[in-house]
Amino acid sequence: MFSEAETDPVLPKDKFKTQEARLRTALLKAQYDLLKKADRSLLIVVAGIDGAGKGATINLLNEWMDPRHIHTMAFGPPAESEAQRPPLWRYWNELPENGRIGIVFGSWYQPLLREAARKHPDADALERHATQVRAFEAQLAANGVQVVKLWYHLSAKAQAERTERLLSSPETSWQVTPADRKVARKFKRLRSAAEVALTHTDVPHAPWVIVASADESMRTVCTAETVLRALRRRGAPRVSQPRTPAHPRITDRLARLDYAVHADKDEYDTELGLLQGRLARAVRSPKFDAHSLVLVFEGQDAAGKGGAIRRVTQALDARQFDITPVSAPAPHELARPYLWRFWRRIPSHGRVAIFDRSWYGRVLVERVEKFTPPMAWQRAYGEINDFEKQLADSGAIVLKFWLAVTPEVQLERFQEREASPFKNFKITPDDWRNREKWQPYADAANEMMARTDSGHAPWHLISANDKRHARLQVLRHVVQALESQL
């Protein structure tokens, strides 16, 4: 895999000068074409043997193109706030919008490379890390992010000579890191680790390109040519879909609910206080500092999501929670993968995130209203399950609520809202129009729950014809989940 790069090929200076003039013009034009079309973003992953000149080459690439539309990201060891969230959180946060270029140093490959470089790598851990990488890059590519990965490589002798040359001058010695100095004695192991990582993650929609790096001119031209090919690529790369389990049996869970159930007012007032007290104690427990709480509220219009949320937040310190009301995505959100805006709202440990509507819009309103092609919303079930699994693995307690009402009760509440000066802002023409699609929405909700109900992120389907009953049920589930985990 690396044999050609380890011959340390050299590009003569006169040929480099000719190539430089051509490449600078072509890269700048291709960059502006990408910016104008804004049909995708380009994400360049930079990796390789320490001391191979990665940083210097990317600096030059910024000089050759317009750096205002390039976002260069360097990730080191996770900060405390990053370590309290899923490992991929910090990479999702920094994704460039369509039309722009992102360059990533210290990428999601770090755990895979570290494991592969151990004296006795764990085969299961290697495959687990590689699977996560492949799934992440497949999701990016399927959602309009073009991924290109550059591995900078050179022979052990050339790496040592370059390090000594840089160290010999005060003007360049700052470029040498402690890791660069250690490469020589571990070169074979690092080379083997790289071969394992690249073999496990080289796919057509996110290919690896090995850049011969001993000669600066060769390294620069190879990098520029690779980026230029990526910028000139037409159309989205084809992403092979992972094998998915057999479709679960979809039952009409909405129809099975007992909509006649209700809570007595006196009992409601008593139990509400008791449940809120238990909730307050749970989230103030020192054990909660190792967890976060993610609450998702979905349901038919006028099902009482807002009232249920308020009964939860009454037990919380306002400094401890965030409520995200989800509506149609803004232009800057549409310019990125659809889960991006939700990744940005993931709570750190000791905090509560409440979503009034959520990422399930992709398989509900976007599906029913045909805002999203079938291939996209069908793929979303797997993407959502993966997202929620990452939340749970990082210590989040994830609970999802569907508040359900009958068409008759919804109509009564709509009419009440229209007649009330304090509530008529809640009713919109879309609410009335959605009633005409009651059954398609019910079908979508039943399939959504069948495909995304899991032990680590369960759905709780709650009859909400009686608001008091619904609020108590939400609190019971939240309290029980917290107390069982803490």
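This is a predicted model: local features need pLDDT of at least 70, side-chain atom pairs count only at pLDDT 80 or more; totals for chains, interfaces and linings use all residues.
Biologist: Happy to start with the inside. Which residues of the largest nonpolar core touch the most other members?

Modeller: As a general idea, nonpolar side chains in soluble globular proteins tend to be buried together. Here the largest core has 70 residues, and Trp108, Leu254, Trp359, Tyr360 and Trp402 touch the most other members. Domain 1 (2–232) and domain 2 (254–485) both contribute residues, so this core lies between them. Another core, of 38 residues, lies apart from it and includes Leu279, Ala315, Phe321 and Val405.

Biologist: Let me pick one residue there. What is Leu254 in contact with, beyond its neighbours within four places in sequence?

Modeller: Among its partners are Tyr259, Trp402, Ala442, Met449 and Leu461, and Gln300 and Asn446 are in contact with Leu254 too.

Biologist: Now the charges, please. How many salt bridges does a search of the whole structure find?

Modeller: Side chains of opposite charge can pair when their charged atoms come close. The search finds 29 salt bridges in this structure. One of them joins Lys265 to Asp269, with the closest N and O atoms 3.3 Å apart. Both residues sit in helix H11 (residues 265–283), 4 residues apart, about one turn of the helix.

Biologist: Which pair links distant parts of the chain?

Modeller: Look at Glu447 and Arg367, whose closest N and O atoms are 2.9 Å apart. Glu447 belongs to helix H19 (residues 438–452) and Arg367 to helix H15 (residues 365–368), 80 residues apart.

Biologist: Is Glu447 buried or exposed?

Modeller: Its relative accessible area is 12%, so Glu447 is buried. Lys265, by contrast, is partly exposed at 48%.

Key
Residues are numbered from 1 along each chain as its sequence is written. Side-chain values use heavy atoms; hydrogens and water are left out. A nonpolar core is a set of buried Ala, Val, Leu, Ile, Met, Phe, Trp, Tyr and Cys residues joined through side-chain atoms within 4.5 Å. Buried means under 20% relative accessible area, exposed over 50%, partly exposed in between (1.4 Å probe, protein chains only). Domain bounds come from an automatic or database domain assignment. Contact means heavy atoms within 4.5 Å. A salt bridge is a side-chain nitrogen of Lys or Arg within 4 Å of a carboxyl oxygen of Asp or Glu. Helices (H or I, at least four residues) and strands (E, at least two) are DSSP runs, numbered from the N terminus.
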